Amino acid sequence: MGLRGILCLLCCLASVVHATLAQASPTHKAYLSLIIDDLGQNLPRDRRVLSLPGPVTTAIMPDTPHAAEFAREAHRAGKIVILHMPMDPATGPFAWHPELPIEALQSRLDAAFKAVPYTAGINNHMGSRMTAQRPAMAWLMAELQRRHKFFLDSRTSAQTVAAAEAQKIGLASLSRDVFLDDVRTEAAILDQLQTAISLARKQGSAVMIGHPYPQTLAVLERELPRLKAQGVEWIDIKSMISLRSNQAMAGHGKDGRYR
């Protein structure tokens, strides 16, 4: 083989290597959003959430002793506040149940919003039975649109139709991808955080929900400052809604449509 042939061969090999590296190293970014649920019960504990180094979303339960006070603190701290709305099998004066008429659902929703000021949207607390009720979810999404609020489907049940109803009317919404702390050990929570990071790298973004457990907060305080060095951007929930444009991820539906 002459010199020209060798040079051609080297050029071909370089092109193949460049293409392979391009495929192995995608240029798209990985984005994460974090919501901490069940806030409003314990101020010293919940204030640790406000100290997390980034745009955490605070989901506050209306039937907690410090709901309004903590919502005000979170708002002053520049955090997005959402209503963590109790739904069946949750109990209490605000909880939604399938047997309730729309008038009762509206009354409880009104009272819940009054209990938690500065809300930008809501997500469901529990709700495995309630989020499967299509007429109630359709009514809720229309009501949230009227109030200029967004909806986050916590996806506590595979039978949920909540996000699908939001998508039908173009309500700003999104769905949870990963629960961080179903198992309350630091090792398990770290594994779930890594699962969320891997998912974000695969599909471009991941939405995480956690709780103010000591183990969860310890992992987040340690690991969240390291995200940027791993090529992961932590963005607030409104930015995530814009990024996803109301499209379902692969775990929630098909071709961007919710099942």
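Reader: Does α7 pass α8 in a left-handed or a right-handed crossing?

Author: A crossing is left-handed if the near helix is turned anticlockwise from the far one by less than a right angle, and right-handed if clockwise. Helices here are DSSP runs (H or I, at least four residues), numbered from the N terminus. For α7 passing α8, the crossing is right-handed.

Reader: What kind of model is this?

Author: Residues are numbered from 1 along each chain as its sequence is written, and side-chain values use heavy atoms, leaving out hydrogens and water. Local features need pLDDT of at least 70 and side-chain atom pairs count only at pLDDT 80 or more, while totals for chains, interfaces and linings use all residues, as this is a predicted model.

Reader: How are α7 and α8 oriented to each other?

Author: Their axes (lines fitted to C-alpha atoms over the stretch in contact, with angles from 0 to 180 degrees between N-to-C directions) are 9 Å apart, at an angle of about 50°. Angles under 35 degrees count as roughly parallel, over 145 as roughly antiparallel, 65 to 115 as roughly perpendicular and the rest as oblique. The two helices are therefore oblique.

Reader: Is T216 buried or exposed?

Author: T216 lies in helix α8. Buried means under 20% relative accessible area, exposed over 50% and partly exposed in between (1.4 Å probe, protein chains only). Because its relative accessible area is 0%, T216 is buried.

Reader: Which residues of α5 are buried?

Author: Helix α5 covers residues 134-147. Its buried residues are A136, M137, W139, L140, M141, E143 and L144.

Notes:
The expected span of a helix is 1.5 Å times one less than its number of residues.
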